[in-house]
Structures are given as C-alpha cells and as structure tokens.
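Dear colleague,

Please find the structure below, followed by some notes on what came out of it.

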Amino acid sequence: MLLTASIYHHLDWAFPAIICNDRPSAQGLRSQYFDKLKHLFRIQLRGARRSMVKCFLSWGNYLLPKTIIMTALLGVVTAGIFSSESLAQKKTSKSNAPIAKNTKGPNACAECHKEEAKVWKKSQHFKTFRELPRSKAARDIAKRLDIKRIKSESLCLNCHFTSQKASKKKVKVIAGISCESCHGAGKNYIDIHSSYSGKTKETESEAEKSSRWKTAESNKMIRPGNIYQIAKNCFGCHIVPFEKLINVGKHPAGSSFELVSWSQGEIRHNLWHQPDKGNQEASIERRRIMYLVGLTVEIESSIRAVAVSEETNHYSVKMAHRVDESRKKFLAAYKLIPKFPELEAISAASYEAGLKLNNRKALTQSADKIASQIQIFLTKHDGKQLGAIDSLLPKKNSYVGRTEETN
Ligand code: HEC
Ligand code: HEC
Ligand code: HEC
Ligand code: HEC
C-alpha cells in the first residue's frame with residue numbers, strides 16, 4: 001500500500017529528481033496494471049510524499065539492496081509515463097540566437113554605446129567566444145554529438161554565439177553572447193531607435209518619440225522596459241531546453257539562473273539614461289518586478305522544456321525538478337502579496353498540468369496561461385505595491401560576477 005501510493009504520487013518526477021539521476025530505461029515494463037493503480041490511489045498526499053519516500057527508502061535498505069528497489073520503483077513509474085508514441089515524435093529545436101541575417105554585431109552598437117560595450121567585454125558572455133572552442137569540456141560535448149566544428153553551424157550557436165550572414169550561403173560567428181542576443185537583432189531597429197525622429201533629443205515631440213519606440217519594438221527591438229521579453233530570452237538559453245544536448249552530449253542541464261542576482265552583477269550596464277550616476281543597481285521597485293517575472297518565466301520555460309521531452313532521462317527529470325522548485329518559490333512570494341488575481345492565476349496554472357511525458361498539449365496550455373497572466377500583471381503594476389516581498393530579494397553579495405565597479 002505504502003509502496004504503490006508513493007509510486008503514484010511521484011509521477012510528477014519530483015521524486016526521481018531527488019533521489020536518482022541515472023534512471024534505468026524501462027521500455028517494455030509498461031503494464032495496464034499501472035493504470036489500475038493510478039485509479040485506485042487518487043489520494044492527495046502532496047505534503048507527505050517526500051517524507052514517505054525517504055522513510056520507505058531507508059526502511060527498504062534493511063530489506064533489499066537499494067538498486068533493486070530503485071529499479072522496481074522507477075521501472076513502474078517510467079512505464080506509466082512512457083509511451084512509444086512520444087518516443088517517435090521529434091521536435092525541431094528553436095534557436096535563441098538573434099537571426100544571423102539581421103545582426104549588426106556588437107561593434108555597430110558600440111559606436112554609440114561605448115560604456116555598455118566596456119562592461120560587456122568583461123563578462124562571461126563576451127569571453128565564451130574565445131574560451132569555449134578551446135575548452136576540453138566543450139570539445140567532449142561536441143564529440144558526443146558528432147559535431148566537428150563548434151563555431152560552424154552547430155547547435156552551440158543557439159546559445160554561445162552571435163552569428164552574421166557573411167554571404168548567400170555562409171554564416172559567420174562574430175561574437176559570443178552579445179548586445180543583440182538580449183536586445184534583438186539590430187538591422188531593422190538600429191537606425192530608427194537612435195534617430196530622435198530626425199530631430200534632436202530636445203526638439204522631438206512626445207508623440208514622435210512614442211511612435212519611434214513603437215516602430216523599434218515592432219522591428220524586434222527588446223527594450224529594458226519589456227522585462228518579460230528580456231527574461232524570456234535569458235531563460236531561453238539558461239534553462240538549456242535541448243534534450244539531446246543534455247542526455248547525449250552531457251551538457252549541464254541549465255544554470256542556477258535567477259533574474260535579479262544574475263542581471264545585477266557582471267551583466268549590469270545601466271549607463272545610458274543617467275550616465276552621471278554611474279552603473280547603478282536597478283531600483284528596488286524594478287528588482288521586485290524582476291524577481292517575480294524571473295520566477296514566472298522560469299516556471300513557464302521549464303514547463304515548456306518538460307513539454308518537449310521525449311524520454312524519461314536526466315533531461316526530463318532535471319526540467320521537472322526545476323518546475324517544481326520555481327513554482328514553490330513563486331508560491332512563497334505570492335503568499336506575501338496575495339491580493340493580485342494574476343499571480344493567483346499563475347500559481348494555479350503552474351500546478352495544473354501533470355509533469356509527465358506525452359502531455360504536451362496540457363503543459364503548453366498552462367505555460368501559455370502563465371505567460372499571458374504575467375503580461376497582464378505587468379501592464380498594471382510597477383513594483384511600488386510589492387514591498388512585502390523585499391525580504392525574498394537576492395542580496396548584493398549574491399550578484400553573479402559582481403566586481404568592485406558594479407558594487
Ligand atoms: C547612432 C547611435 C546608436 C547606435 C549605433 C546604437 N544605439 Fe542604442 N541608443 C541610441 C540612442 C540615442 C538611444 C536613446 C534614445 C532615447 O532615449 O530616446 C539608444 C538607446 C538604446 C537602448 C535603451 C532603450 C530604452 O528603452 O531605454 C538600448 C537597449 C539600445 N540603445 C541598444 C542598442 C543596440 C543593441 C545597438 C546595436 C544593435 C544600438 N543600440 C546601437 C543610439 C545608438
Ligand atoms: C540552450 C542553450 C545552450 C546550447 C544550445 C549550448 N549551451 Fe553550452 N551552456 C549554456 C549555458 C546556459 C551554460 C552555463 C551553464 C552553467 O552555468 O551551469 C553553458 C555552459 C557550457 C559549458 C561550460 C560547462 C562547465 O562545465 O562549466 C560548455 C563546455 C558548453 N556549454 C559547451 C557547449 C557546446 C559544445 C555546445 C554545442 C554542442 C553547447 N554548449 C550548446 C547554454 C547552451
Ligand atoms: C545578457 C543580456 C544583455 C546583453 C548581452 C546586453 N544587454 Fe543591454 N540590457 C540588458 C538588461 C537586462 C538591461 C536592463 C538592466 C537593468 O534594469 O538593470 C539592459 C539595459 C540596456 C540599456 C539601457 C541602460 C540604461 O541606462 O537604462 C542600453 C542602452 C543597453 N542595454 C545597451 C546594450 C548594448 C549596447 C549591449 C552590447 C554592448 C548590451 N546592452 C548587451 C541586457 C543585456
Ligand atoms: C543567447 C543565449 C544567452 C542569453 C540570451 C543569455 N545568456 Fe547568460 N550565458 C549564456 C551562456 C552560454 C553562458 C555560459 C558561457 C560560458 O561559461 O562559456 C552564460 C553565462 C552567464 C553569466 C555568467 C555566469 C557565471 O557563472 O559566471 C551570467 C551572469 C549570465 N549569463 C546572465 C545572463 C542574464 C542576466 C541574461 C538575460 C538578461 C542572460 N544571461 C542571457 C547564454 C545566454
């Protein structure tokens with residue numbers, strides 16, 4: 001009874017994520033018996049399940065070798081969430097990199113944005129351009145995936161590089177992760193965004209200014225004010241939502257990315273609009289928004305990463321675990337600011353769809369819901385009313401890659 005109940009309640013992978021990284025393949029172990037079990041044990045045990053399993057495992061240690069218990073347990077769990085149909089489906093990967101035919105390259109941006117470029121050149125995003133192809137770890141990953149040259153057309157270009165179209169057929173890698181990786185490929189907005197509508201900063205009217213920005217945005221510029229889009233981009237790379245890269249290539253399954261702490265250290269370049277103030281930290285109101293948006297986009301992106309998973313393995317387990325962790329953090333924040341209906345909807349949607357294989361439609365629907373709710377929330381709030389979550393915001397000493405200058 002105890003055993004079967006825990007099996008059912010750990011279908012959402014939080015369980016294997018905690019106790020086991022390498023899972024035995026269990027195709028063929030699938031059985032109708034499992035479906036019956038599912039029916040029998042529709043009991044809500046959410047809070048109790050971890051301790052139950054822990055207890056069961058330590059208890060099991062005395063009875064049977066752990067590996068046998070593990071294989072049996074995971075075998076049944078895996079069998080339930082596997083289906084040959086999902087294994088057959090292949091999903092084409094979506095790139096996070098700016099489109100090569102529309103990139104201008106960081107030097108073009110630096111013509112006007114010198115100070116921002118200086119900061120960028122000290123970041124890991126800049127350095128990866130030279131360091132990655134030389135690293136043994138990178139070559140090993142590439143080898144496992146049959147990739148001959150990391151800097152030619154490979155999966156690695158999705159996240160580690162900025163490319164540009166060199167000729168009709170050729171694409172050339174020109175930089176690491178650069179301005180356009182985060183602000184969008186510049187070709188169609190570079191002139192307009194900086195034009196002051198053909199006037200000067202002083203003589204451009206408000207109407208002209210707003211129409212200029214509107215055009216820049218519809219030409220794919222991602223502005224700092226669009227924190228949702230900015231965050232989507234960061235997570236698009238940092239979650240590493242590529243199953244084969246992780247399961248076969250043994251690439252790290254995502255970084256411990258959190259938006260405030262990861263954007264306010266070495267990345268920070270708030271140097272343009274108030275140059276006399278130095279490289280200031282984002283305001284407290286903005287950091288509150290960043291924190292909430294970061295968690296929301298993390299839930300959204302990791303749910304999508306689970307949705308495209310095709311086998312139960314390291315990747316699926318890690319991604320499901322990430323959903324679980326981020327929605328718990330979100331819930332903790334939401335409890336401190338319970339009066340916002342959009343946040344309530346996000347919290348509900350994040351628990352709506354089962355974290356299992358073959359559930360793409362439901363998972364995508366919850367991710368879509370989460371995405372639309374946070375965007376509605378952002379049209380209404382600027383962070384002033386969110387002071388109750390201040391205790392949760394990352395402290396300065398946790399800012400990633402913080403240097404003296406960005407103190
Ligand atoms: C010819 C000079 C020039 C070039 C080249 C240039 N910018 Fe700008 N950029 C500006 C000016 C001017 C502004 C401020 C406009 C304003 O405040 O109304 C600006 C503002 C920005 C902003 C802030 C937008 C906001 O919402 O506050 C970003 C981000 C930006 N540029 C990114 C880039 C990127 C990326 C590139 C390269 C693809 C680039 N810029 C190239 C002049 C330039
Ligand atoms: C979906 C985005 C994405 C793709 C595609 C990708 N990487 Fe990465 N890679 C990352 C991120 C994010 C990190 C940082 C991980 C961290 O901090 O844990 C990283 C880190 C690395 C590291 C450093 C790992 C370490 O041990 O510190 C290596 C090596 C690497 N990638 C190689 C590659 C190679 C080779 C490819 C192409 C086959 C590739 N990556 C494709 C996102 C990606
Ligand atoms: C890792 C993603 C990333 C990269 C790479 C990046 N930016 Fe940004 N940029 C941001 C974010 C995020 C903000 C808002 C930061 C904040 O609120 O603390 C921003 C803000 C800006 C601003 C407005 C600053 C202000 O004073 O308010 C400008 C201008 C800008 N970026 C230009 C650039 C240029 C030029 C480059 C390349 C040299 C670049 N960015 C590279 C993410 C990035
Ligand atoms: C196009 C993909 C991509 C985007 C977009 C992106 N990153 Fe990264 N980022 C990476 C990769 C890949 C690495 C690891 C590079 C390496 O180690 O070689 C990395 C590394 C970093 C690091 C250094 C981590 C360390 O351990 O030193 C920070 C900080 C960071 N990213 C923050 C951000 C933030 C904040 C954003 C969004 C505003 C962002 N990144 C957007 C791909 C991306």
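To begin with the shell around ligand 1, the element that gives the most to it is α12, with three residues, where helices (H or I, at least four residues) and strands (E, at least two) are DSSP runs numbered from the N terminus. This is a predicted model, in which local features need pLDDT of at least 70 and side-chain atom pairs count only at pLDDT 80 or more, while totals for chains, interfaces and linings use all residues. Residues are numbered from 1 along each chain as its sequence is written, and chains are lettered from A and ligands numbered from 1 in the order in which they are written.

Around ligand 1 there are 17 residues, of which Cys109, Cys112, Gly186, Ser194 and Arg223 come nearest, a residue being near a molecule if its C-beta atom, placed from the backbone, lies within 6 Å of it. Two or more residues of this shell come from each of α7 (106-110), α12 (179-183) and α13 (190-193).

Ligand 3 is surrounded by 26 residues, with His113, Cys179, Cys182, Pro224 and Trp272 the closest; α7, α8 (114-120) and α12 each give two or more residues to its shell, and the largest share, four residues, is from α12.

Elsewhere, Lys369 lies in helix α21 (residues 360-380) and counts as partly exposed because it has 18 C-beta neighbours inside 10 Å, between the limits of 20 or more for buried and 12 or fewer for exposed, with C-beta atoms placed from the backbone. The C-alpha atoms of Lys369 and Ala345 are 8.1 Å apart, although 24 residues separate the two in sequence.

With regards
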